Amino acid sequence: MPIGSFFILVTILLLKNSEIKNTVSEFFELNTLSHTKKIYICLRQTQNRIAMAEVYYITDTLTLDNINEIITGSKKIALSKETEAKIIKSRTYLEQKLAKEEKPIYGINTGFGALYNQSISKTELGTLQENLIKSHACGTGEEVPDEIVRLMILLKIQSLGYGYSGVRLETVERLILFFNNNVLPVVYTQGSLGASGDLAPLAHLSLPLIGLGEGKFNGERLSGKEINQRLGIQPLKLASKEGLALLNGTQFMLAYSVYNLIHARKLLNAADVIATISLEAFDGRIEPFLEPIHHARPHNGQKTVAAHFRNLLEGSDLIKRPKVHVQDPYSFRTVPQVHGASRDAMEYVSGVVTTEMNSATDNPMVFPDDDLIVSGGNFHGQPLALAADMLSIALSEIANISERRTYQLISGKRELPSFLVANPGLNSGFMIAQYTAASIVSQNKQLAVPASTDSIESSQGQEDHVSMGANAVTKAYKIVDNVYTVLGIELLTAVQAIAFRNEKTSPVLQSIIEAFRKQVPFVENDTVMYPLIAQSKLFVKNFNWESVLQ
């Protein structure tokens, strides 16, 4: 082998990327070419494979796992050839239909909502769509977090990619350009009734496409005009139907729902582990977690939680020590039933959200194969509204029972000192940490009041039932953050309490406690508590709870 080729091959072997290491075997298979040429071809093939692995192609089925990878990782998105063909076919059919027919087609050559009976001339169809976006950008309240906005863009592209919206290919490609270049329009939390699509939030999402509104470009806040200039492009000129397609849909509700659900999975896993540490700290009993009890009432979530406890307590001296008490309070004894019910609720919500992620929610919808343009109701957010309310209730209950365990641990029972300090009286210890948890739990109960049971007539009676799903998902978002705090306070309390036990807990729980202690110290005497609560909450957010439950 020539010396130059040898050094190239050594370089390949030293590279960390496993895909590049695989080029070595390919190198020896290309035995009809020169060594240098072989390496060049192998590297090009490998680069292509890596590039494909880093791209999510619209038409792939979205799952909670891969959507999390797309949003949190460095993946770009692109249209598959099949998706491009669907979009072009739908647009071509719509344009042919408009050229042939003079009859009104809602939202395409008519006004919107209660103005559905107002006809629009062909020369004004683009202006109609631009006016729609400008007039509907009525959002107010807090700004939507960046991670939610990024989800909104992805989910809008996914929905348009089914080819039922009649938009031009270049319009979808412009959204992809924004996503891949980290352009995040400024969107506001208030303004959607969750029925005629998320009109106001999606209008704000669309403004920078036409050079209006505001957005963030790689973190810098700019006007929509400046964003287009930075990208070296002209603002998009909308054609017929496109403004309506951008605004109709459930992507605001759905983006929040996806975020809330991803974090709900983490919270439920964290809650099981933290409750197990609390059980050990409280000198609790193993019997409520034994398999026969849960075989007799075989709800899936209940069985899962009980199994988690049995596995986590394997090898614990604390759980084996003789118990003076015959029963534990409900907040310990019924964890499988309470946590399990929340898990089962989350599974229902997961099914709704996964279906919605892989759906077209526009109106009207274009079906070229059936020669149909149909005005329907796929924009209505009722499925997501009900699911968001259910998730809010399920997560609120996790915080509710968590706070009760915190209360029991500081109550001076079972040989634990009052408020978990060695010298209570002089020290108040964890007294007010429990107050904080209690106040948050109370707020969660208020936030968990269902939004989906409400409806307000709008658009002069044309839109006479709405889902209020936007309010449901933004309330759930606040509850998610609150539950992280409440679980953080329980973990802080449980690890403090377990330090007063002489016996050892299980190896897996001990490893978690040791990891926690590297970030949050034991409280010997009264200290300023809020930084400890914040550090504990951060630990709950960042720790890989799933890994210890497998």
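Me: Which residue lies over the face of Tyr407?
Reply: Arg404 lies over that face, at 4.5 Å from the ring centre, where a charge counts as over a ring if NZ of Lys or CZ of Arg is within 6 Å of the centre and within 35 degrees of the ring normal. This is a predicted model, in which local features need pLDDT of at least 70 and side-chain atom pairs pLDDT 80 or more, while totals for chains, interfaces and linings use all residues. Residues are numbered from 1 along each chain as its sequence is written, and side-chain values use heavy atoms, without hydrogens or water.

Me: And what sits over the ring of Phe179?
Reply: The charged end of Arg150 sits there, 4.0 Å from the centre of the Phe179 ring.

Me: Switching to rings, how many aromatic pairs are there in the whole structure?
Reply: A search of the whole structure gives 11 aromatic pairs, meaning Phe, Tyr or Trp (six-membered ring) centres within 6.5 Å, with planes under 30 degrees apart called stacked, over 60 edge-to-face and the rest tilted. Phe516 and Phe539 make an edge-to-face pair, with 5.3 Å from centre to centre and 90° between the planes.

Me: Where in the chain are Phe516 and Phe539?
Reply: Phe516 belongs to helix H21 (residues 507-517) and Phe539 to helix H22 (residues 530-542), so the pair links distant parts of the chain, 23 residues apart; helices are DSSP runs (H or I, at least four residues), numbered from the N terminus.

Me: Why is the pair of Phe539 and Trp545 called edge-to-face?
Reply: The centres of the Phe539 and Trp545 rings are 6.0 Å apart and their planes stand at 80°, so the pair is edge-to-face.

Me: Are Phe539 and Trp545 buried or exposed?
Reply: Phe539 has a relative accessible area of 4% and is therefore buried, and Trp545 counts as buried because its relative accessibility is 1%. Buried means under 20%, exposed over 50% and partly exposed in between (1.4 Å probe, protein chains only). Phe516 is buried too.

Me: Which residues do ring pairs link into a cluster?
Reply: Phe252, Tyr256, Tyr259 and Tyr477 are joined into a cluster by ring pairs.

Me: What about the largest nonpolar core, which residues have the most contacts inside it?
Reply: Val258 and Trp545 have the most contacts inside this core, which has 137 residues; such a core is a set of buried Ala, Val, Leu, Ile, Met, Phe, Trp, Tyr and Cys residues joined through side-chain atoms within 4.5 Å. Helix H13 (residues 251-281) supplies the largest share of the core, 20 residues.

Me: Which residues does Val258 touch?
Reply: Leaving out residues up to four places away in sequence, Val258 touches Leu64, Ile67, Leu151, Leu155, Val353 and Met357, a contact being heavy atoms within 4.5 Å.

Terms used
Helix = DSSP H or I, 4+ residues; strand = E, 2+ residues; numbered from the N terminus.
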